[in-house]
Amino acid sequence: MKKVITYGTFDMLHHGHIKLLERAKKLGDYLIVGVTSEDFDKTRGKINVQQTLMERIEKVKETGLADKIIVEEYEGQKIDDIKRYGIDIFTVGSDWQGKFDYLNEYCEVVYLERTKGVSSSDLRSKERALTMGIIGDNAKYIEKFQKEDKYVNGIKIVGICSNNLSEMSEDIKNLPYVTNNYEELLANVDSVYVKTKSQYHYEQIKQALEAGKHVLCESPICEDREQCKELFELAKSKNLILLESIRTAYATAYSRLLLLIKSGKIGNVVSVDATCTNMKNMEDNKNKPESMRDWGYNALLPVFQILGTNYLKSNITSFFIDKEKKYDYFSKVDFVYENAVATIKVAEGAKSEGDLVITGTKGYIYVPSPWWKTDYFEVRYEDNKNNERYFYQLDGEGIRYTLVAFTRSVYEKKPIMFIEPNVSQEICKIVGDAYKK
Ligand code: C2G
């Protein structure tokens with residue numbers, strides 16, 4: 001019996017895929033199809049696959065062409081599979097010409113002519129063409145963000161509203177809509193990305209939603225729990241998406257960490273300690289430290305996602321550079337829960353180790369600095385022989401995953417929630433409280 005194997009993502013299965021599978025099947029008597037997992041696709045740069053692994057497997061199954069379907073999960077698996085299943089022929093489309101010649105050592109390699117005129121990318125982008133405008137003044141970050149849309153099918157950044165246009169990159173200055181008038185920006189886009197200081201978010205989000213635009217907003221959504229609730233309700237009543245962007249929340253390593261904790265890997269969590277710091281120039285009058293606004297949401301995220309929002313007590317301590325107490329160069333927030341505690345430390349005018357430690361009754365999780373854009377963490381135990389290390393690729397500092405989630409939410413008319421509503425609201429409350437007189 002001649003055994004054939006082929007691999008692919010098979011997203012939105014189309015006739016190009018089917019023709020490939022048909023020809024692959026004809027090469028032998030038994031066809032194994034390896035469908036790539038989400039994580040493996042991410043590591044090879046395919047981040048906006050539309051269908052889940054199960055949906056894609058189901059579609060391949062429905063063709064009736066595969067005698068066996070397996071999941072491709074890691075680099076180098078092809079060699080393992082070829083040996084394990086006693087494969088005679090490895091085949092793939094001609095877009096991969098030459099790339100798998102190294103498998104000749106293990107079996108015959110056949111490149112089949114790729115079907116012209118059809119691709120998953122085309123299908124994805126045909127369906128999707130959402131325009132986005134940005135409002136904000138942080139030139140460095142906005143430049144990073146604007147570059148990420150090319151990795152995400154179906155969304156295009158077309159405009160900017162800023163009071164800091166002179167400092168923006170040429171790419172940004174050359175966008176079709178460049179303005180310092182928010183209304184004008186909103187009139188020309190389907191959605192807006194809000195990257196201003198959080199004390200302005202409430203008004204800006206409301207204005208966008210009322211104009212019928214979807215909103216992706218940097219965390220916190222605003223600085224008040226009730227207002228946050230109101231904005232989500234407004235979005236819902238208008239069938240619009242309002243999504244909170246905390247890049248950490250969309251990073252694979254971080255979401256795996258949450259799942260491990262939920263599965264009991266370190267026992268009951270008794271303490272969450274998160275620190276985020278970066279040094280700002282204290283002499284720069286245009287860019288004064290606002291540690292809780294700029295970092296608070298991020299450090300609060302694991303606290304509320306792991307321990308929930310029903311704490312018994314909270315206490316905020318801030319040190320300010322000014323008498324009016326507007327600019328905190330260091331803040332610390334302590335929480336007491338029934339059976340746990342948490343502490344966050346954030347600073348833009350003091351430096352510390354930016355790590356995250358989650359203490360459990362069986363072991364602890366250590367995420368090294370800078371934990372908020374992590375691709376790596378460790379689960380550690382009393383007996384260090386049992387320690388485990390986890391690594392998950394993080395591309396584009398997580399910005400592109402946020403954009404993928406936002407784009408999909410808009411098209412599926414349902415928010416893809418990485419951050420629970422109670423978590424969003426509680427973040428708003430604590431950040432707001434830090435600046436209340
Ligand atoms: N294909 C084709 N014609 C098209 C589109 C795709 O023949 N118009 C083929 C591809 O060449 C591939 C298979 O269909 O052999 C699956 O395509 P994708 O889902 O795009 O997967 P790909 O990323 O090419 O995965 O490591 C190799 C990969 O696993 C192949």
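How many residues of domain 1 are in contact with how many residues of domain 2? I looked this up and found 8 residues of domain 1 in contact with 8 residues of domain 2, contact meaning heavy atoms within 4.5 Å.

A note on the ground rules: I am working with a predicted model, where local features need pLDDT of at least 70, side-chain atom pairs count only at pLDDT 80 or more, and totals for chains, interfaces and linings use all residues. Residues are numbered from 1 along each chain as its sequence is written, and side-chain values use heavy atoms, with hydrogens and water left out.

**Domains.** I took the bounds from an automatic or database domain assignment: domain 1 is 3-119, domain 2 is 122-248 and domain 3 is 252-393. I then read off 38 Å between the C-alpha centres of domain 1 and domain 2.

**Domain 1 against domain 2.** I get about 740 Å² buried between the two, 49% of it on carbon and sulfur atoms (accessible area, 1.4 Å probe, lost on being put together, summed over both parts). On the domain 1 side, Met12, Asn48 and Ser119 lose the most area to domain 2, together 61% of what that side buries.

**Aromatic rings.** My search of the whole structure turned up 16 aromatic pairs (ring centres of Phe, Tyr or the six-membered ring of Trp within 6.5 Å; planes under 30 degrees apart are stacked, over 60 edge-to-face, the rest tilted). One of them joins tyrosine 250 and phenylalanine 418, tilted, at 4.5 Å centre to centre and 40° between the planes.
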